[in-house]
Amino acid sequence: MWMSHQEDALKNPHIRLFVSGYRALLDGDFEGFADMWAEDGSMEFPYAPEGFPQRLDGKAAIREHLRRFPEMLRIDRFSEPVFHPSQDGRVLIAEFSCEGRAVTTGKPYNQKYISVVEFRDGRIVKYRDYWNPLIALRALDIIKEG
């Protein structure tokens, strides 16, 4: 699992929270993942295609969005993340990938992410998720390969 080569990184509380969040996702605990946000937290998807949310404001909106996730995609594995230094100690930058499948089509959902996460008082206040929407659209058969 994650952090096998980066045990010292787990001393950073932001990294611990990040890792526990993705362990929750692998376990299907989307409520637990949503609980990591501050009440006024936000989640942004800068590359989201038309028809998909580009920004979710507030813990309730994030929770509602995450409730729909298991109907669409199943994540089987996350890679060990690479954390990049930030000049702001409240911000964590992580690069990682996942392997999974679209629930309705069975097609692979193998995605690469760069996430920029800001923390306050042990909670996520801003999460910007950079990913390739074409991978999701193809896995869900919204667009065809080619």
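Visitor: Okay, which residues does Arg63 touch, not counting those up to four places away in sequence?

Guide: Arg63 touches Glu31, Ala34 and Asp35. Keep in mind that this is a predicted model.

Visitor: And where is Arg63, buried or exposed?

Guide: Arg63 sits in helix α3. With a relative accessibility of 17%, Arg63 counts as buried, because the cut-off is under 20%.

Visitor: Which other residues of α3 are buried?

Guide: Besides Arg63, the buried ones in α3 are Lys59, Ile62, His65, Leu66 and Phe69. They cover an arc of only 165° around the axis, so they are on the same side of α3.

Visitor: Why would residues three or four places apart point the same way?

Guide: Because an α-helix has 3.6 residues a turn.

Visitor: What does the buried side of α3 pack against?

Guide: The buried residues of α3 pack against α2 (30-34), β1 (37-44), β2 (55-57) and β3 (73-78). On the face turned away from that side you find the exposed residues Ala60 and Glu71.

Visitor: How far apart are the ends of α3?

Guide: Its end C-alpha atoms are 21 Å apart. For 14 residues (59-72) at 1.5 Å a residue, the helix should span 20 Å, so the two agree.

Visitor: Switching to β1. How many of its residues are buried?

Guide: Six of its eight residues are buried, so β1 is mostly covered. β1 runs parallel to β7 (residues 123-131), with four bridges joining the two. With β2, β1 pairs in the antiparallel sense over three bridges.

Visitor: Which residues stand opposite each other there?

Guide: Ser42 is opposite Lys126 in β7, and the bridge partner of Met43 in β2 is Leu56.

Visitor: What else is Ser42 in contact with?

Guide: Leaving aside neighbours within four places in sequence, its contacts include Trp37, Arg55, Asp57, Ile62, Val125 and Tyr127. Ser42 is at 3% relative accessibility, which counts as buried.

Visitor: What about Phe45, where does that one lie?

Guide: Phe45 is in the loop between β1 and β2. Phe45 is buried too, with a relative accessible area of 7%. Not counting residues up to four places away in sequence, Phe45 touches Pro53, Gln54, Leu56, His65, Asp129 and Trp131.

Visitor: Now the aromatics. How many aromatic pairs are there?

Guide: The count comes to twelve aromatic pairs. In one of them, the rings of Phe30 and Phe69 have their centres 5.6 Å apart and their planes at 40°, so the pair is tilted. Phe30 is in helix α2 and Phe69 in helix α3, 39 residues apart, so the pair links distant parts of the chain. Both Phe30 and Phe69 are buried.

Visitor: And how are the rings of Tyr47 and Tyr130 arranged?

Guide: Their centres are 5.6 Å apart and their planes at 65°, so that pair is edge-to-face. Tyr47 is in the loop between β1 and β2, while Tyr130 is in strand β7, 83 residues apart. Tyr130 counts as partly exposed, at 26% relative accessibility.

Visitor: Last one: how many residues are in the largest nonpolar core?

Guide: That core has 37 residues. Those with the most contacts inside it are Phe18, Tyr22, Trp37, Phe96, Tyr109, Ile124 and Tyr127. Helix α1 (residues 13-26) gives the largest share, six residues. There is also one aromatic cluster whose members include Phe18, Tyr22, Trp37, Phe96 and Tyr127.

Notes:
Residues numbered from 1 in each chain as written. Predicted model: local features only at pLDDT ≥ 70, side-chain atom pairs only at ≥ 80, totals over all residues. Heavy atoms only, no water. Expected span 1.5 Å × (residues − 1). Buried < 20%, exposed > 50% of the residue type's maximum accessible area, 1.4 Å probe, protein only. Arc of directions from axis to C-beta. Contact = heavy atoms within 4.5 Å. Pairing = 2+ DSSP bridges. Core = buried A, V, L, I, M, F, W, Y, C linked by side-chain atoms within 4.5 Å. Phe/Tyr/Trp six-rings, centres within 6.5 Å; stacked < 30°, edge-to-face > 60°.
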